Amino acid sequence: MITDFWQNLPRPIFVLAPMSGVTDAAFRRIWSKYGKPHVIMTEFVSCDGLCSSGRESLLHDLWYSVEERPIVAQIFSSNPDNIERAATLVAELGYDGIDINAGCPDRSVEKQGAGAALTREPALLRDIVLAARRGSGGLPISVKTRLGYDRIDFCEWIPAVLEAEPAALTVHARTRAELSRVPAHWEVMGEIADCVRRTGSKTPILGNGDVTSLAEGRELAARHDLDGIMVGRGVYGNPWFFNPQVDDASIPLREKLRVMLEHTHLYLRIFGERKSFMVMRKHYKAYATGFPGAKELRMQLLESHDVEEVEALVAAFLAQATDP
């Protein structure tokens, strides 16, 4: 039986954000193991691609493990028909929910009329949510969006989207034009939540942008009367981020580097030749920071080409570290 799991989650809800090139199956499994959030989302996946001859090349973006549940597939398109067809596939794969990407500023996504471009087309975004619901057979359909496109005009267009009764609404606290160049506008998030609730909507509201710790997320949710917090870049290099029992500063360096190696081996086991080993370099940059000698190790890791080389670099580093 399909249920709307969003309604049964503890408040504040914490969600691992969908991040292109980051939250692949290996990343999500490591974060599930060491500090699982309430909800996990995939990288965004093109519905147009899933409905084309290139479908097979995208399916690895939808691989997941049961440890990640509730697991939500984030999809994007400006074509309701393709959204509906992709939603059917996601449901067949056993996902717990679907999230509509209405906030990505990537130009290639926007050229398709999707992502952040949908903030200019609220009626179309509403129809996309409804199409996803038809295709999914009743899975909860959530939306991730922004404050607006080139100005904060959220309250002008969001009522049309709320007519589709999304299961949850995450608002990145910047406009599309601002990208990530300015601090997130948390000062307006209380108004955003009020705007949604004045429509009579029961949709949970989550905030997103620049959250650096679990404690900060809780404080922001309480201050702005939000149902939850989505965290993206703040989790980089810290699989324990969502674990309330663990203080990142107390984790021994040896353990951090061991988990980094575990992540590497898991990535290779899942993807093999399907994805380049070079993808791991962005993770090494995040893992190797904040300790004596981190810069030197990081520079070496960013030049590595295989897991054996990474293991040798870590072993050599730990052998000379004063406080591993």
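Is Arg 133 buried, partly exposed or exposed? The model is a predicted one, and in it Arg 133 has a relative accessibility of 27%, so that it counts as partly exposed. Arg 133 lies in helix H6 and, when residues up to four places away in sequence are not counted, it touches Gly 138, Ile 141, Ala 164, Glu 165 and Pro 166. Arg 133 and Trp 63 are 70 residues apart in sequence, and their C-alpha atoms are 21 Å apart in space.

Glu 165 is placed in the loop between helix H7 (154–162) and strand S6 (169–172), and it counts as exposed because its relative accessibility is 59%, where exposed means over 50%.

**Helices that pack together**

Two packed helices are described by the angle between their axes and the distance between the axes.

| Helix pair | Angle between axes | Distance between axes |
|---|---|---|
| H10 (residues 253–271) and H13 (residues 307–320) | roughly 175 degrees | within 11 Å |
| H10 and H11 (residues 279–287) | about 170 degrees | 11 Å |
| H4 (residues 80–92) and H6 (residues 122–136) | about 35 degrees | 7 Å |

Sorted by class, the contact of H10 with H13 has 10 nonpolar, two polar and two charged residues.

H10 also packs with H11 at an angle of about 170 degrees, which makes H10 roughly antiparallel to H11. Here H10 contributes Lys 256, Val 259, Met 260, His 263, Thr 264 and Tyr 267, while H11 contributes Val 279, Met 280, His 283, Tyr 284 and Tyr 287. The residues of the contact of H10 with H11 divide into seven nonpolar, three polar and one charged.

In the remaining pair of the table, H4 passes H6 in a right-handed crossing. Pro 80, Ile 83, Glu 84, Ala 87, Thr 88 and Ala 91 of H4 meet residues of H6, among them Leu 124, Asp 127, Ile 128 and Ala 131. By class, the contact of H4 with H6 has eight nonpolar, three polar and three charged residues.

In soluble globular proteins, nonpolar side chains tend to be buried together. In this model the largest nonpolar core has 105 residues, and those with the most contacts inside it are Trp 6, Ile 100, Leu 169, Ile 229 and Val 235. H10 supplies the largest share of this core, namely nine residues. Ile 100, with residues up to four places away in sequence left out, touches residues including Ile 75, Ile 83, Leu 125, Ile 128, Val 129 and Ile 141.

A second, separate core of five residues includes Phe 44, Phe 76, Val 109 and Ala 114. Phe 76 lies in strand S3 and is buried, because its relative accessible area is 5%. Leaving aside neighbours within four places in sequence, Phe 76 is in contact with Phe 44, Val 109 and Ala 114, among others. Phe 76 and Asp 99 are 23 residues apart in sequence and, from C-alpha to C-alpha, 8.6 Å apart in space.

**Further backbone features**

Which peptide bond ends at Pro 12, and what is its omega? A cis peptide bond joins Arg 11 and Pro 12, with omega at about -10 degrees, and Pro 12 is placed in the segment before strand S1 (13–16). The bond from Arg 69 to Pro 70 is likewise cis, with omega near -5 degrees, and Pro 70 is found in the loop between helix H3 (55–58) and strand S3 (71–76).

Asp 210, although not a glycine, has a positive phi of about 65 degrees. Asp 210 lies in the loop between strand S7 (205–208) and helix H9 (214–223), and it counts as partly exposed because its relative accessibility is 35%.

Conventions: Residues numbered from 1 in each chain as written. Predicted model: local features only at pLDDT ≥ 70, side-chain atom pairs only at ≥ 80, totals over all residues. Heavy atoms only, no water. Axes fitted to C-alpha atoms, helices over the stretch in contact; angles between N-to-C directions. Helix = DSSP H or I, 4+ residues; strand = E, 2+ residues; numbered from the N terminus. Nonpolar A, V, L, I, M, F, W, Y, C, P; charged D, E, K, R; others polar. Left-handed = near helix turned anticlockwise from the far one by under 90°. Contact = heavy atoms within 4.5 Å. Core = buried A, V, L, I, M, F, W, Y, C linked by side-chain atoms within 4.5 Å. Buried < 20%, exposed > 50% of the residue type's maximum accessible area, 1.4 Å probe, protein only. Parallel < 35°, antiparallel > 145°, perpendicular 65-115°, else oblique.
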